Amino acid sequence: MYPTYVVEPIRQETVEIGLKELRTPEEVDQVMNELKATGETALFLINSVCGCSAASARPAVALAMKHSRKPNRFYSIFAGVDKDATARLRQYLAPHPPSSPSMALWKGSTLAYFIPRHEIEGHTPQSISAVLTSLFDEYC
């Protein structure tokens with residue numbers, strides 16, 4: 001488990017850019033059931049304390065959220081911290097292997113697109129944001 005002084009600034013950053021935290025399996029199930037019922041779109045950031053999350057993933061999501069067309073909802077789940085919630089989301093992401101950071105775009109009950117760590121690590125926030133906004137244009 002990571003110390004609070006490491007985790008809390010990252011949690012605060014994700015909330016400040018507009019992501020809602022999901023911290024329990026029940027919260028994950030509730031959101032997935034709502035998406036299924038409404039057909040809405042949602043982007044999930046599987047967040048982490050690693051450098052590529054700070055350098056690329058979170059800034060990319062923040063940039064993409066400024067796009068004119070975007071998902072109805074944005075969520076963050078903190079891998080390595082909120083382990084049960086992360087495990088539950090990963091059940092929905094199967095057969096994709098665990099990857100953090102990563103991003104998942106949902107449309108209703110369907111996983112529209114998954115971006116694993118290897119497509120984040122070493123990429124700029126701008127290039128990842130461009131992928132996200134292209135996906136938003138296609139699915140939202």
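Reader: Which residues does L43 touch, not counting residues up to four places away in sequence?

Author: This is a predicted model, to start with. In it, L43 touches V61, P71, R73, F74, Y75, M103, A104, L105, L132 and F136, with residues up to four places away left out.

Reader: OK, and which residues touch the most other members in the largest nonpolar core?

Author: L43, V61, M103, L132 and F136 do, out of 19 residues in that core. At least two core residues come from each of β2, α3, β4, β5 and α5. Another core lies apart from it, with 17 residues, including V28, V31, A79 and W106.

Reader: Let's back up to the fold. How many helices and strands does the chain have?

Author: Five helices and five strands. Starting at the N terminus, the elements go α-β-α-β-α-β-α-β-β-α.

Reader: In what order do the strands sit in the sheet?

Author: β1-β3-β2-β4-β5, in an open sheet with mixed pairing. β1 and β5 are the edge strands, each of them pairing on one side only.

Reader: Which way do β2 and β3 run, and how many bridges join them?

Author: They run parallel, and six bridges join them. One of the bridge pairs is N47 with F78 in β3. β2 and β3 also belong to a right-handed β-α-β unit, with helix α3 (residues 51-64) as its helix.

Reader: And β2 with β4, parallel or antiparallel?

Author: Antiparallel, again over six bridges. There L45 has M103 as its bridge partner in β4.

Reader: What about β1, how does that pair with β3?

Author: β1 covers residues 20-21 and pairs with β3 in the parallel sense, over two bridges. E21 is bridged to S76 of β3.

Reader: Staying on β3, how many of its residues are buried?

Author: Six of its six, so the strand counts as mostly covered, given that buried means under 20% relative accessible area. On one side you have R73, Y75 and I77, and on the other F74, S76 and F78. Both faces are covered.

Reader: Buried or exposed?

Author: T133 is buried, because its relative accessible area is 14% and the cut-off is under 20%. Leaving aside neighbours within four places in sequence, T133 is in contact with A64 and H67.

Reader: Last topic, the whole chain. What is its radius of gyration, and what would a compact globule have?

Author: The chain has 14 Å, and a compact globule with 140 residues would have a value near 14 Å, so the two agree. The C-alpha trace spans about 40 × 35 × 30 Å along its principal axes.

Reader: What share of the residues counts as buried?

Author: 48% of the 140 residues. The accessible surface comes to about 6,800 Å², and carbon and sulfur atoms account for 52% of that.

Reader: And what share of the contacts joins residues at least 24 apart?

Author: 72%, taken among contacts between residues at least 6 apart in sequence.

How values were computed:
Residues are numbered from 1 along each chain as its sequence is written. This is a predicted model: local features need pLDDT of at least 70, side-chain atom pairs count only at pLDDT 80 or more; totals for chains, interfaces and linings use all residues. Side-chain values use heavy atoms; hydrogens and water are left out. Buried means under 20% relative accessible area, exposed over 50%, partly exposed in between (1.4 Å probe, protein chains only). Contact means heavy atoms within 4.5 Å. Helices (H or I, at least four residues) and strands (E, at least two) are DSSP runs, numbered from the N terminus. Two strands pair if DSSP finds at least two bridges between them. A crossover is right-handed if, with the strands pointing away from the viewer, the path from the first strand over the helix to the second runs clockwise. A nonpolar core is a set of buried Ala, Val, Leu, Ile, Met, Phe, Trp, Tyr and Cys residues joined through side-chain atoms within 4.5 Å. The radius of gyration is taken over C-alpha atoms; the globule rule is 2.2 Å times the number of residues to the power 0.38. Accessible areas come from the Shrake-Rupley method with a 1.4 Å probe; for residues, only the protein chains shown count as cover.
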